[in-house]
Amino acid sequence: MAKNLQELIDGTNPVQMLRNSQIGSYIYPVVPADFENWIKEQQAWRQTAVLFDQSHHMDNVFLKGSDAIALISDTAINSVANFAVNKAKQYVPTTSSGHVVGDGILFREAEDEYVYVGRAPASNWLLFHGETGGYRNLDITVDRRSPSRPYGHPVTRDYYRFQIQGPNAWAVIEKLNGGELEKLGFFNMSTMKIAGKSVRTLRHGMAGAPGLEVWGPYADHDMIRDAIVEAGAEFGLVPVGSRAYPSNTLESGWIPSPLPAIYTGEPERAYREWLGVDSYEATGTLAGSFVSQDIEDYYMTPWELGYGSFVKFDHDFIGRDALEKIDKDTQRRKVTLAWNAEDLTRVWGSLLNVDGPNYKFFDLPLANYGSANYDSIIDADGAVVGLSMFTGYSANERRGLSLGVVDPNVPEGTELKVVWGEPDGGTSKASVERHEQTEVRVVVSPVPYSTVVRQSYHGGGPPAIQPAPRGP
């Protein structure tokens, strides 16, 4: 019996292993699916204000000691030259081949104290290198995402984590604070008062207006949440359930769950031997119409995911040599794909076709059915010119949307097609029913898709919401 990821893939093609994983759909734990309904919750983040409960679906990795910054610098494409206390920074690690492992947010809470918040791929990468990299003055621990339990069932985390976002967010925040609160710069940290408690804050923005992420000891979770909901009532604040929560990224343009690029490469062998057979990397699901027998065809570079501006060669880090050799002009670029309404209606309508054809179910508001999703984007000649990677529906835009990457010579406005559904009736994944493939017309569009977000959001990484992996 295999004892680690390396032993698992020694006997099989990792593509086939992941495409037929039986783990089931990716679940956002603990938080109810809906508080009102997903359409009203989506509309609220554009029209009034929302409360996101981010307490349960992400790992927290705590790094303490004078060597913590060395670990971060050694593993991140980002520069840490200007990483001050009370600042946050997106953390993007790559493998020795220059492909992305994952991403999340690093908070510098004190001189030698950092917290990474995000999905397991980057958490595991930090933990492995922290434990094996010879860092003498480093204490590194992890608080894993919550198990799937009903809301209100006892759950123990180190922190609660909420976001208050939307056009009316700052009015809610100042009511909670009992007075004016300085609007710090994006990704700057401070404190405020909620229900008599001092809480940590991170400045975010969404829907053209400033908002905050707030956190503190998990024992205060219910009290802080109730205070926010009560204060927000007069401003139309709506708590957002786990069903609508991850769909915000369709409007704001962050691809949450590329496949971690760790299944090949001799330098990564020790890491694969460290990863257990129950790890995210060993149990995750690879879904979609794009099928290659070479797992490396699913890997992404920082430029493809919109992280090119983060790559700084002012420090040595894993993957630097490979990234220095990449011609940025040849890289695929991140786009939004606007799905044709008539074609998408045909997909939904197939649910009522007694005699078929029956197409892969397009769930609402998110249609993803794997941990990592890769659908082929084809041109008029049937050639694959990109990959659609995160798919769903926005009630604010009244459109089916997906995020993906296309070849650099494909201009905005081009009509292409996404191949929807898996070949040969679908894989044996638990999340896949028998179905036929079909093609859906899409228009290559800007990222972020939302005009409001394009005009107000700062930076190239995750917006005010981070699903999976700080999220999805």
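**Reading a predicted model: burial, sheet, helix and salt bridges**

Student: Is V410 buried or exposed?

Tutor: The general idea is a cut-off: a residue with under 20% relative accessible area counts as buried, and one with over 50% as exposed. V410 has a relative accessible area of 9%, so it is buried. Keep in mind that this is a predicted model.

Student: Where does V410 lie, and with which residues is V410 in contact, leaving aside its neighbours within four places in sequence?

Tutor: V410 sits in the loop between β17 (399-406) and β18. With neighbours within four places in sequence set aside, its contacts are R333, V385, L416 and V444. For distance across the model, take F317: it is 93 residues from V410 along the chain, and their C-alpha atoms are separated by 32 Å.

Student: Which backbone atom does the side chain of T336 reach?

Tutor: The side chain of T336 reaches the backbone oxygen of P446, at 2.7 Å. P446 is also among the contacts of T336.

Student: How many bridges join β8 to β9?

Tutor: Six bridges join β8 to strand β9 (residues 197-206), and the two strands run antiparallel.

Student: What does burial look like along a helix, for instance which residues of α3 are buried?

Tutor: The general idea first. An α-helix has 3.6 residues a turn, so residues three or four places apart point the same way. In α3, the buried residues are W38, E41, Q42, A44 and W45. Viewed down the axis of α3, these buried residues fall within an arc of 155 degrees, so they line one face of the helix.

Student: What covers the buried residues of α3?

Tutor: The cover includes β1, β9, β11, α8 and β16 (384-394). Look also at the start of α3, where a side-chain oxygen of N37 comes to within 2.9 Å of the backbone nitrogen of I39.

Student: How many salt bridges does a search of the whole structure find?

Tutor: The search finds 22. For each pair, ask which elements hold the two residues and how exposed those residues are. Take D34 and R243, whose side chains meet at 3.8 Å, N to O. D34 lies in the loop between α2 (14-19) and α3 (38-47), and R243 in the loop between β11 and α8 (248-252), so the pair ties together parts that are 209 residues apart in sequence. D34 is partly exposed at 29% relative accessible area, and R243 is partly exposed at 34%.

Student: Is E266, which forms a salt bridge with R269, buried or exposed?

Tutor: E266 counts as exposed, at 57% relative accessibility. R269 is partly exposed, with a relative accessible area of 29%. The closest N and O atoms of the pair are 3.2 Å apart.

Student: With which residue does K417 form a salt bridge?

Tutor: The partner of K417 is E439, with the closest N and O atoms 3.4 Å apart. K417 lies in strand β18 (residues 415-420) and E439 in strand β19 (residues 438-445), so this pair ties together parts 22 residues apart in sequence. K417 is partly exposed at 33% relative accessible area, and E439 is partly exposed at 36%. Elsewhere, salt bridges with shared partners join E342, D343, R346 and R441 into one network.

Key. Residues numbered from 1 in each chain as written. Predicted model: local features only at pLDDT ≥ 70, side-chain atom pairs only at ≥ 80, totals over all residues. Heavy atoms only, no water. Pairing = 2+ DSSP bridges. Helix = DSSP H or I, 4+ residues; strand = E, 2+ residues; numbered from the N terminus. Salt bridge = Lys/Arg side-chain N within 4 Å of Asp/Glu carboxyl O. Buried < 20%, exposed > 50% of the residue type's maximum accessible area, 1.4 Å probe, protein only. Arc of directions from axis to C-beta. Contact = heavy atoms within 4.5 Å. Polar contact = N/O pair within 3.5 Å; in protein donor to acceptor, adjacent residues only side chain to side chain.
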